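Dear colleague,

I am passing on the structure we spoke about, with the sequence alongside. Please look it over first, and then read the notes that follow.

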Amino acid sequence: MKHKLLSILTLFAAFAALLSLPQVRVAAQAEPPPVVAIDAGHGGSEYGGAHYDKAGNVDLYEKTANLNVARLLAAKLRVVGYVVILTRASDSQVNVPATDRNGNGVVDTDDDLQARVDIANAAHADILVSLHHDSRTYDTAYNDATVYYCAECAHVADSMRLGQSISDALHDTYTLYGWQIPSRGIVPDKTLGKPSGHLYLLGPHNWRITRPSQMPGVLVEPLFLTNDYAYALETAPGGYDVMADAYYRGIVNYFSGK
Ligand SMILES: [Zn+2]
């Protein structure tokens, strides 16, 4: 009898689980999908950093590596239902036609950065992730991964959590694939000593930044393009996919609250 009762209870539990499963799915679908603005740094005539071959010629511009990873990352996120906005999807500047976006009387790189921020703000993106690659032409042996955030902005707590999530994911993914790239973790953007003290994409309103980004954001330098070892890893078959996979894990973990 006891055995029979247990069987009935087990059947009931299984039935209840079956019933509750679709309800959980419906609840998950009712949540609006995360909106992610991905910014492939630089573009067009603005190359960013580069890797140089033995003869001193450029064999890869940073703008190209940034876009390669951004496209792969966007595809990965879209597969799981994220809404992805790319500030640029081709080898071009974003401020086209060239316009004085920040109204300071000159058209320069700041206007291109403002154009990127404007796109993220107009899309009401939940996060802004700017993809870059570091360079150090005077010390090509140097290599590490750094995630920058703004420590004096409204979304500092979420920006730090996003940054830490991406930093951890980069570390874990590099370890998984045997890429030996040390991590500097998350670092305030002000340490870069830009004219306004902040990166244009991340910083608060100030004399230089006219319309700041209105969501948590980070700018990532996942490796040094000037480093031969890192360059070889990334440009080997599947290399860009490893990078995109790391960003993907970091972003998904951020939204799932891990
Ligand atoms: Zn860059």
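**Helix packing, core and backbone**

Helices α4 (residues 156-177) and α6 pack with their axes 8 Å apart and at an angle of about 140°, so the two helices are oblique to each other, and their crossing is right-handed. By class, nine nonpolar, four polar and four charged residues make up this contact. On the α4 side the residues include Arg161, Leu162, Ile166, Leu170 and Tyr177, and among those they meet on α6 are Val242, Tyr247, Arg249 and Tyr254. Please keep in mind throughout that this is a predicted model.

As for the overall layout, the protein chain contains six helices and eight strands, which follow one another along the sequence as α-β-β-β-α-β-α-β-β-α-β-β-α-α. Of its 258 residues, 41% count as buried, and of the contacts between residues at least 6 apart in sequence, 71% join residues that are at least 24 apart.

The largest nonpolar core holds 58 residues, among which Val36, Ile38, Leu73, Val129, Val218 and Tyr247 touch the most other members. Helix α6 (residues 239-255) supplies the largest share of this core, with eight residues; Tyr247 also belongs to the α6 side of the contact with α4. Once its neighbours within four places in sequence are set aside, Val36 is in contact with Leu77, Tyr82, Val84, Ala125, Asp126, Ile127, Val129 and Ile251.

Valine 252, likewise in helix α6, has 17 C-beta neighbours inside 10 Å and therefore counts as partly exposed.

Valine 96 and proline 97 are joined by a cis peptide bond, with omega about -5°, and proline 97 lies in the loop between β4 (83-86) and α3 (109-122). Histidine 42, in the loop between β1 (35-40) and β2 (50-52), has a positive phi of about 65°; it counts as buried because 26 C-beta neighbours lie inside 10 Å. Histidine 124, which is found in the loop between α3 and β5 (127-131), has a positive phi of about 50°, but with 12 C-beta neighbours inside 10 Å this residue counts as exposed.

With best wishes

Key
Residues are numbered from 1 along each chain as its sequence is written. This is a predicted model: local features need pLDDT of at least 70, side-chain atom pairs count only at pLDDT 80 or more; totals for chains, interfaces and linings use all residues. Helices (H or I, at least four residues) and strands (E, at least two) are DSSP runs, numbered from the N terminus. A residue is buried if 20 or more other C-beta atoms lie within 10 Å of its own, exposed if 12 or fewer, and partly exposed in between; C-beta atoms are placed from the backbone. Two residues are in contact if their C-beta atoms, placed from the backbone, lie within 7 Å. A nonpolar core is a set of buried Ala, Val, Leu, Ile, Met, Phe, Trp, Tyr and Cys residues joined through C-beta atoms within 7 Å. Axes are lines fitted to C-alpha atoms, for helices over the stretch in contact, and angles run from 0 to 180 degrees between N-to-C directions. Angles under 35 degrees count as roughly parallel, over 145 as roughly antiparallel, 65 to 115 as roughly perpendicular and the rest as oblique. A crossing is left-handed if the near helix is turned anticlockwise from the far one by less than a right angle, and right-handed if clockwise. Ala, Val, Leu, Ile, Met, Phe, Trp, Tyr, Cys and Pro count as nonpolar, Asp, Glu, Lys and Arg as charged, and the others, Gly among them, as polar.
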